[in-house]
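Keep your viewer open and follow the stops in order. At each one, select the residues named and look at their side chains.

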Amino acid sequence: LVSKWRQKDKVKTTSVALVLCLNIGVDPPDVIKISPCARLECWVDPMSAQPAKALEHIGKNLQAQYERWQPKAKYKMHLDPTVDDVKKLCASARRYAKNDRVLFHYNGHGVPRPTANGEIWVFNSRYTQYIPLSVYELQSWVETPCIYVLDCSAAGLILNALRQLVDQRAGGPGGHDASRGLVRHSASSSLIIVLGACGAGETLPQNPDLPADVFTACLTTPIKVALRWFCSRSLMRHDGLTKDLIDRIPGKQTDRKSPLGELNWVFTAITDTIAWNVLPRPMFQKLFR
């Protein structure tokens, strides 16, 4: 029973590529924002400083949020990149990871939503145009094993494109496709994990009580999101329970003897239980063990 519970061959995530396309101060043409709307990116208000400084601050916060969960990985990022920037970033991440997993994080809040053909958007060198980047090209750079975190509207379109790509290669003979840099066998689908913020026909939430990157926040700072959600709905909010108190909870998440560590322990037990009861067993073991 224990041998079935614990996976023998675990794939480590040793390289992380962070791509943020925010273009602070310029809204994409296909986005209609409500007023007021969600603004925080990695718990930073993009309008709190000059765009370049705010973007750098957001990037550093994102890396710090991931480092809490995987401190040993190699992190590299590009802020408002071009296609060439992303290509070099992915090549560097794969070169360092070798046969381990690469995590590719994409924040597309400052560019149009992905296309039906499976393209995400980046910028030209002068930031005067949005440039499409095919997921097929992206996957040829990232290779496998990998995990995509897609914090953008219509993220499901990228999932569909990647699924179609895997299906195409599963139908051919085994081997290596040099033109794409992809492993061509039916097991390749198990080497790609995609976490998307919303479905193919959905847009990101704009609730001003939540951060703009609420999906990233739930993945990387789940305790903070859960407590802020609780505070906004608790009857104790009228008795001095404020969001500011959340940032002052003492301790570390890795130290169970501290208040923050105990909260993290309880939260992990709850989320593991939900996953165990909702997900198929193979998927649970792959994602949670």
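Begin with charged pairs: there are 6 salt bridges in this model, where a salt bridge is a side-chain nitrogen of Lys or Arg within 4 Å of a carboxyl oxygen of Asp or Glu. The model is predicted, so local features need pLDDT of at least 70 and side-chain atom pairs count only at pLDDT 80 or more, while totals for chains, interfaces and linings use all residues. Residues are numbered from 1 along each chain as its sequence is written, and side-chain values use heavy atoms, with hydrogens and water left out.

Select Asp-30 and Arg-113. Their closest N and O atoms are 3.3 Å apart in a salt bridge. This pair links distant parts of the chain, 83 residues apart: Asp-30 is in the loop between S1 and helix H2 (51-67), and Arg-113 is in the loop between S3 and S4. Helices (H or I, at least four residues) and strands (E, at least two) are DSSP runs, numbered from the N terminus.

Next, select Arg-39 and Asp-45, whose side chains meet in a salt bridge at 3.2 Å, N to O. Arg-39 is partly exposed at 43%, and Asp-45 is partly exposed at 26%.

Now select Asp-247 and Lys-224, a salt bridge with its closest N and O atoms 3.1 Å apart. Asp-247 is in the loop between helix H8 (243-246) and helix H9 (259-278), while Lys-224 is in helix H7 (residues 222-233). A charge sits over a ring if NZ of Lys or CZ of Arg is within 6 Å of the ring centre and within 35 degrees of the ring normal.

Move on to Trp-276. Arg-281 lies over its face, at 3.7 Å from the ring centre. Trp-276 also forms an edge-to-face aromatic pair with Phe-284, 5.2 Å centre to centre and with 80° between the planes. Rings of Phe, Tyr and Trp (its six-membered ring) pair if their centres lie within 6.5 Å; planes under 30 degrees apart count as stacked, over 60 as edge-to-face and the rest as tilted. Trp-276 is partly exposed at 31%, whereas Phe-284 is buried at 1%.

The whole structure has 5 aromatic pairs. For another one, select Phe-123 and Tyr-130: this pair is tilted, 6.0 Å centre to centre, with 45° between the planes. Phe-123 is buried at 2%, and Tyr-130 is partly exposed at 24%.

The last stop is the largest nonpolar core, with 33 residues. A nonpolar core is a set of buried Ala, Val, Leu, Ile, Met, Phe, Trp, Tyr and Cys residues joined through side-chain atoms within 4.5 Å. Among the members that touch the most others are Val-86, Phe-104 and Tyr-106. Elements giving two or more residues include strand S1 (13-20), helix H3 (83-97) and helix H5 (155-170). The largest share, 6 residues, comes from H5. A second, separate core of 19 residues includes Leu-18, Cys-42, Leu-103 and Val-149.

Key
Buried means under 20% relative accessible area, exposed over 50%, partly exposed in between (1.4 Å probe, protein chains only).
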